[in-house]
Structure formats: C-alpha cells, structure tokens
Amino acid sequence: MTDLVTTKTLTDTIGKAFENHLSKLNANSAVRSMRVMAMENFLSMGFPDKKNEEYKYTPIASFIDDSFGLETEERIEIPLKRFKKLLPLKNAHVIVLINGIFSDEHSQLIPTDSSIFISNLAAIYASQKETIEKHFAQYADSSKDAFSALNTALAKDGAYIRIAAGTVVNEPVHIINLIANKKNLLVNSRNLILVEKSAKVDIVETFVSLDSAASEKLFTNHLSEVILEENAQATYCRIQAEEDNVTQVNTTQVQQHKGSNFTTHTFSLSGALVRNNLSIVLADEQCETHLYGLYLPRKNELMDNHTLVDHHMPNCYSNELYKGIMCNDSTAVFNGKIYVRPDAQKTNAYQSNKNMLVDDGSSVNTKPQLEIYADDVKCSHGSSTGRLDEEAMFYLRSRGIGESAAKKLLLKAFAEEVVNTITHEPLKAYVDGLIENRFA
C-alpha cells in the first residue's frame, strides 16, 4: 500500500496513520480485513469533487486541506458549567466522545442488567467480539463512498449500543460528540447500534464544537450502523450545532428486519458545511420507517441532506418529511430517493421536501426521486420552495406585531411541523428551545 503514498498530502497523512493503526490490530481478525479493504477503496476513489454526481452541489473538496492532522494533541478541558448545558435530559445514559475518543470522565452510564450493553467500541471489542465482527462494516458500503471507506479504515472508537431481545430501555441513550483542537483536525468516529428482536430504545446524538480558534479547520467524518432485528423499535434523534469552522460528513446506514419500526429526526442548526447521508434498507416485510429533517443554514453555511429509502420486500411503509429555512446567503441541498424493488409489492412510500428562502442571496437545490420496479404500490413525492407568506405577514402586522416578531412567528410555525413529530417531551422541549434561540 505504501506505493500509493507518494506526496506530502492529506492522503499521505491518512496512509501513514492507517499503517500505524493496522499494526495494532489482530492480524487474523475479520475487522482488520475490512479495514484493509476499506483503505484500498478510499485510495482508489479519493475525496469526491464536483464531477461526482452525489456531491455535485456540495464542493466538499474545498473544505479539505492537506494540513489536517488525525490525532488530538492536547487534553481537552470542558468547564463543568458548560458541560451541564450539553445535557438536556435529566435521566439518560450518556456516552461522551471527545474528538472521536470515549471520555470515561464525562460519560454517565446508568447501571443496568446484562440485557443492555452501552459502552464504546474500543473497550467492548474483546467481550462483544462475535457481535461486532458479525455487524461491523456489513451495511455501510465502503466501495461506493470515500468517506465511508475512510471511516471504516481509520475509526478507532465510538458508541456501542446493544439492546438484548425483548428489552425495553426506559431512559434514552445520549451520545455527545465534542470536537475541539488547536490545530486542524480530521476526526473519524463510528457507532454500532444493535436492537435485537422485540427490543426498544430511544437514542439522541448531539454534535457540538468547543472553543477553538476560528482559523483552525475541524472536520468530523462520522458513521453509524444501526440494525433493527424482528419487531424491534428505535427512535434516533440527531442534533448538529457546531461552529462555522467545522465541517461534518455524517453517514447513517440502517438495516431493518421483519416488523421493525424506525423513526429518525435530523436537526441541522449550524456548521460551515454539513453533509448527511442517511440510507435505510427495509430488508423484510411489515417494516415501518419515518424520516424527519429540519435544516437551518445561515451566514454562508451549506447543509446537504441525501436520503435513500430502499424497499426490498412487500407490505412496508415509509414516510419522509424534510423542511429547510435558508437565510443570510446560505445554501441547502436535498436529495431524497425512494427505491422500490420488484419484490416490494404493496409498498406505501411518501416523501415531502418543503423549503423557505428568507433572502435573495440564499438558495436550495432539491431533487426528490422515485424509482419503482413493482406495480402494486402507492408512492408519492413532492417538493416546494417559497418565501414568507406576505398575506400572513400583513395579518400579523395589522394586529400590532412588529416586523421582526411576525417574521419569527412564521418561521417557527414552519419549523414546528418537524419538531412536533418528537414524542419524547423533554427532548421536544429542548429542540424547541434551540429553534427558538435560532430565530432570536
């Protein structure tokens, strides 16, 4: 592999880091073989540019600099007062990852019986080896996406959640991803989440950048694999609120089995560039899937949501609603695809993308797609882009409400259709507060 590393570039840094990482892995492990294959895939693909159709409207290459490092150089201090603000839920299992590495000091894991395994990948590998090797890199395809390949090759740590068959977890699991560094940093972190037969869990994942110089570039390449076995249920709420020197590529691959029910919420509130790749495979009958998303770019930010709902088998249902509010010369991209395979008869699949442009300098590129290869299905998709309703503004102003307050009321009302899909009331209140502050 060294013959592929010839120049002092980011690829050079990545290649050296990988060889160092590889030397610490068991030579005969299945995971090691996966990582080698993934690195070969990454080196053959390279980072995507605009010629790559999947990144046509997202110039991610311009956010990648050859001076990125892959290792945190200093201990990251988090003031207690600030850390408490990162904990919106009073009762929750809390896993904290700082620059992709588990922090035992900050994590708060509620003692449980043996039916709930909540830990980090690096620590749990020995005791859960069979499960990890069965599922690691089995769903996220490293042969088609450079960031998935890079993560599979280099990720050292991340959250590990395994809920045993029949177990209902009463408290949510909160994964907190913090990133901070005094030099440019590329972080590869990874989650593996397994919800076994008839088990149930609620997961919240937040992304926050701590104090760092605005001149430093921070890049998170995060990947999660989520597996729902027969009749399992899970909700997964992701909240992205990072500073404008942070770029994030977030890939989530979900595999649903018979009778499973999965709901995901994605709230993209800030970050220089946020790219979300969400792919869900309905691999068996009677699966139900709900996807909700809200993106609020501002100040030249770019937020890109790519979703794929892949119906493999009959009698499944999927529903998708993504909404965006673009302001202050920002840009958004939505690319949502529903794929109905020939065996997926009796599929019901719906998708809606609604956007609001607050100023003339903002824009959105939206591309809803349906590919249907079965003949007995009900599928629809739609997209709309508009501006603030002038009649509604006039009505509010005529009742004595100032222009700024009226505008805020209308924007918040537009966003609430997504926020109101959260059923966990404390989490809903937390997200609602974030949205309120966002429009302040």
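1. Thr 11 counts as partly exposed, with a relative accessibility of 27%, where buried means under 20% relative accessible area, exposed over 50% and partly exposed in between, for a 1.4 Å probe and protein chains only. Thr 11 has its place in helix α1, and its C-alpha atom is separated by 38 Å from that of His 257, which is 246 residues apart from it along the chain.

2. The model is predicted, and local features need pLDDT of at least 70, while side-chain atom pairs count only at pLDDT 80 or more and totals for chains, interfaces and linings use all residues. Residues are numbered from 1 along each chain as its sequence is written, and side-chain values use heavy atoms, with hydrogens and water left out.

3. The largest pocket has a volume of about 880 Å³. A pocket is an open set of points on a 1 Å grid over the protein atoms alone where a 1.4 Å probe fits, with protein on both sides within 12 Å along at least five of seven lines, and lining residues have an atom within 4 Å of a point; the volume is the space filled by probe spheres set on the points, which are joined across faces, edges and corners. Of the 31 lining residues, Glu 54, Lys 144, Asp 145, Ser 279 and Leu 308 are the closest to the centre of the largest pocket.

4. By class, the lining of the largest pocket holds 9 nonpolar, 12 polar and 10 charged residues, with Ala, Val, Leu, Ile, Met, Phe, Trp, Tyr, Cys and Pro taken as nonpolar, Asp, Glu, Lys and Arg as charged, and the others, Gly among them, as polar. Among the elements that each supply at least two residues of this lining are α6 (146–154), β10 (246–256) and β12 (273–282); helices (H or I, at least four residues) and strands (E, at least two) are DSSP runs, numbered from the N terminus.

5. Helix α6 deserves a separate look. It is mostly covered, since 9 of its 9 residues are buried, and these buried residues pack against α1 (10–22), α2 (30–45), β6 (185–195), β8 (218–228) and β10, contact meaning heavy atoms within 4.5 Å. Asp 145 caps the N-terminal end of α6, with a side-chain oxygen 3.1 Å from the backbone nitrogen of Phe 147.

6. Asn 277 lies in strand β12 and counts as buried, at 11% relative accessibility. Its side chain makes a polar contact of 2.7 Å with the side chain of Arg 275, a polar contact being a pair of N or O atoms within 3.5 Å of which, within protein, one must be able to donate a hydrogen and the other to accept it, and residues adjacent in sequence count only if both atoms are side-chain atoms. Not counting residues up to four places away in sequence, Asn 277 touches several others, including Tyr 55, Asp 145 and His 306.

7. The second largest pocket has a volume of about 530 Å³ and is lined by 22 residues, of which Ala 241, Glu 242, Glu 243, Ser 270 and Leu 434 lie nearest its centre. Two of these, Glu 242 and Glu 243, are among the contacts of Gly 271 once neighbours within four places in sequence are left aside. Gly 271 lies in the loop between β11 and β12 and is buried, with a relative accessible area of 1%.
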